[in-house]
Amino acid sequence: MLFVCYVTIDPDNRDESVARFKEYGVAEPEGVKLQGAWISSTQQECWSVFEADSAEAIMAMFEPWTDLNMHQITPVMDFDALKKFVDAND
């Protein structure tokens with residue numbers, strides 16, 4: 001299952017977020033694989049795509065950051081999966 005995460009970093013928390021990232025990086029718990037990640041030039045927004053076995057695995061990965069950042073996590077599918085879904089439901 002794919003998940004897209006959009007993170008907003010409060011300016012008051014930016015330095016702590018960057019410091020924590022430098023120290024720990026992006027942890028990938030069992031069942032989670034990072035597909036790609038990007039940060040804005042202001043270091044106040046991030047986008048990432050993960051493949052995960054479950055929503056619980058994604059929650060475990062982001063939980064240590066919830067004291068600093070706002071996370072919008074959305075399950076998504078690629079267009080090939082969408083086409084199969086649409087074709088199966090015609």
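Trainee: In which helix is the place of Val-86?

Mentor: This is a predicted model. The chain has three helices and four strands. The stretch of residues 79-88 takes in Val-86, and that stretch is helix 3.

Trainee: Is Val-86 buried, partly exposed or exposed?

Mentor: Buried means under 20% relative accessible area and exposed means over 50%, with partly exposed in between. Val-86 has a relative accessible area of 38%, so Val-86 counts as partly exposed.

Trainee: How much accessible area does the nonpolar surface patch with Val-86 have?

Mentor: Val-86 forms this patch together with Met-77, Phe-79, Leu-82 and Phe-85. Together, the accessible area of these residues is about 530 Å².

Trainee: Which elements give two or more residues to the largest nonpolar core?

Mentor: The largest nonpolar core has 11 residues, among them Phe-3, Val-7, Phe-50 and Ile-58. The elements that supply two or more of its residues are strand 1 (2-9), strand 3 (45-52) and helix 2 (55-62).

Trainee: Which residues from Ile-73 onward does Phe-3 touch, leaving out residues up to four places away in sequence?

Mentor: Phe-3 is part of the largest nonpolar core. Its contacts include Phe-50, Ala-52 and Ile-58. From Ile-73 onward, Phe-3 touches Ile-73, Thr-74, Pro-75 and Val-76.

Trainee: What share of the contacts with a separation of 6 or more joins residues 24 or more positions apart?

Mentor: From the N terminus on, the elements run β-α-β-β-α-β-α. Among contacts with a separation of 6 or more, the share from residues 24 or more positions apart is 67%.

Terms used
Residues are numbered from 1 along each chain as its sequence is written. This is a predicted model: local features need pLDDT of at least 70, side-chain atom pairs count only at pLDDT 80 or more; totals for chains, interfaces and linings use all residues. Side-chain values use heavy atoms; hydrogens and water are left out. A nonpolar core is a set of buried Ala, Val, Leu, Ile, Met, Phe, Trp, Tyr and Cys residues joined through side-chain atoms within 4.5 Å. Buried means under 20% relative accessible area, exposed over 50%, partly exposed in between (1.4 Å probe, protein chains only). Contact means heavy atoms within 4.5 Å. Patches are made of residues with over 30% relative accessible area and no salt bridge: like charges are joined within 9 Å, nonpolar side chains (Val, Leu, Ile, Met, Phe, Trp, Tyr) within 5 Å. Accessible areas come from the Shrake-Rupley method with a 1.4 Å probe; for residues, only the protein chains shown count as cover. A salt bridge is a side-chain nitrogen of Lys or Arg within 4 Å of a carboxyl oxygen of Asp or Glu.
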